[in-house]
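Student: Could you walk me through this one? I'd like to talk about its charged side chains and one of its helices.

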Amino acid sequence: MADNGESRNESEPQTMVEVNEEQHAEPVQDTEQGNRQEEKQQQGAEGGDGGEEPAAKKPRLSSAPKFAPKELQAQGPTPTKAQPRWGNQTNVMPPPRHGMGRWPVPMQQQQQQAGQQVPKGSQLTVAEIATDKLTKLARRNWSNEARAQDKPPEFKPKLVQSIYRTELGGGSSRGPSLRRVMMLEVSQYLENYLWPNFDPETASFEHVMSILLMINEKFREGIPAWTCFHTREDAFPGFFRRVVSLKDGREEAMRMHERTAYVLFMIRAFQSLEDEMVRGQVLRVVSLPLWHSLSPGRLQLELHAHEALAKHWKAAAKKEAKAAAKKAKAGDKGGGEGAGGGGYVPVPQRPEVRFLPQLLEEFLAVMDKVVVPPVAEGCSPSLDRGALLYCERFLEFLIDLLSQLPTRRFVRTLLDDRALLVKCRMSKLFKYSPPPPGAAAAAEAAAKAAKAAAAAAAKAARAAARAGEQQGEGGD
């Protein structure tokens, strides 16, 4: 079909209809050429000797062959240039592909997109923020205006302790109110007061827990949580050491919502391995020294199976032996006063080595307390919701550790050595089956009825005894 009237630029893209035209054009090529020759002869005969040139033939629009159905024929001019995939608009990004990174979406927006109802009372109004007592407290102590004064307010550790007890649930067995935590986040409590005045040596338990709770709130709202920590990166290692050793001596004193908030912070920390400052600290608790918590037999099996790790283990053991000898020598010379040996602590006693094994022991202890025995005969056992939430968060923490290559290598061996999965399947929580609908209420009603019947029978027995005594006195 190499006609001059149908010639066009080869750089133009072909439409699917044109491709079909080229594919189906060969069977009718001879017929079309014959028709064209007859048309030329007729035009020459009509022109005669008048010398008039025949009218130029109009180029045929690119369309399907005549035998193609109408729905396959082009209805408009052929586009001269391919359109961009996402248009020519600026600041328009294509939708992210599956499995690729996405921008963090606040929790409220996630609930709205999923069609979930946002919890009532979880939003703050401008009037509530302006009239709240925490806002007034922030203006006097840690607002930007107060800090910009020639004489900024001094840091008050007792104020941090008071806010933790009254606003963050430190003085009750229930967790903090979401609205109070949001109010502290709006007032920039973490950025302007907690972190700038944090000292790893003198910070109190309430100070550290307040920082953990505010970080959890930032993650919940989808706000970058580690930005303010980059202003004092040199203090972050000391902060994380305090976090790791926070439970030393306080295992029984910590309430269940505090333990849950602690585990939630660890989840957020291990989900932030892309931050170099955070990664350098959290990976220390899941590195090779963690194997000091293995049983002796399992440790020898693992070192025998991994020769490269065995070399690292021997080199670290020699280094620790030199440090221990130096400590003993310093202790002998100082008569016991220098027994610190430059602050040397044996590896099995270090907080980063004991951190995960202690958490595993705590998890197993809490898991045994989730199922509460029945209070009366005939009733079904119930569940402690606070302990159940802790177990859910801890399992999420373990899943995160096992699903990331930098963290699962040594953790998986420890979990296998502790037979954690076997112990979980043997627990009361794993064997617990919820009662059928209405059974709990019926059992509670039956227990109350039985208790009332027993009280009535006891009352009747006392009345009968009194009547017998009266009859005996009358007979005398």
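Tutor: Let us begin with a definition: a salt bridge is a side-chain nitrogen of Lys or Arg within 4 Å of a carboxyl oxygen of Asp or Glu. Please keep in mind that this is a predicted model.

Student: Where do Glu320 and Arg350 sit in the chain?

Tutor: Glu320 belongs to helix 15, which covers residues 307-334, while Arg350 is in the loop between helix 15 and helix 16 (351-367), and the pair links distant parts of the chain that are 30 residues apart.

Student: Is Arg350 buried, partly exposed or exposed?

Tutor: Arg350 is partly exposed, its relative accessible area being 22%.

Student: And how many salt bridges does the count come to?

Tutor: By this rule the count comes to 16 salt bridges. Salt bridges that share partners also join Asp132, Lys133, Glu167 and Arg180 into one network.

Student: What about Lys218, which side chain does it meet in a salt bridge?

Tutor: The side chain of Lys218 meets that of Glu185 in a salt bridge of 2.9 Å, N to O. Lys218 is in helix 10 (residues 205-221) and Glu185 in helix 8 (residues 178-186), so that the pair links distant parts of the chain, 33 residues apart. Lys218 and Glu185 are both buried.

Tutor: The side chain of Lys218 also forms a salt bridge with that of Glu191, at 2.4 Å, N to O. Because Lys218 lies in helix 10 and Glu191 in helix 9 (residues 189-194), this pair ties together parts that are 27 residues apart in sequence.

Student: What are the relative accessible areas there, say for Lys218?

Tutor: Lys218 has a relative accessible area of 2% and is buried, whereas Glu191 is partly exposed, with a value of 22%.

Student: Switching topic: which residues gather in a patch of positive charge on the surface?

Tutor: That patch of positive charge is made by Lys136, Arg139, Arg140 and Lys156. Lys156 is found in the loop between helix 6 (144-147) and helix 7 (157-166), and Lys156 is partly exposed, with a relative accessible area of 44%.

Student: Now helix 14, which of its residues are buried?

Tutor: In helix 14, which spans residues 296-305, the buried residues are Arg298, Leu299, Glu302 and Leu303. Viewed down the axis of helix 14, these buried residues fall within an arc of 130 degrees, and therefore they line one face of the helix.

Student: And which ones are exposed on the other side?

Tutor: On the other side of helix 14, the exposed residues are Pro296, Gln300, Leu301, His304 and Ala305.

Key. Residues numbered from 1 in each chain as written. Predicted model: local features only at pLDDT ≥ 70, side-chain atom pairs only at ≥ 80, totals over all residues. Heavy atoms only, no water. Buried < 20%, exposed > 50% of the residue type's maximum accessible area, 1.4 Å probe, protein only. Helix = DSSP H or I, 4+ residues; strand = E, 2+ residues; numbered from the N terminus. Arc of directions from axis to C-beta. Patch = residues over 30% accessible without salt bridge, like charges linked within 9 Å, V, L, I, M, F, W, Y side chains within 5 Å. Areas by Shrake-Rupley, 256 points an atom, 1.4 Å probe, with all protein chains shown as cover. Lys, Arg positive; Asp, Glu negative; His and termini not counted. Charge placed at Lys NZ, Arg CZ, Asp CG, Glu CD.
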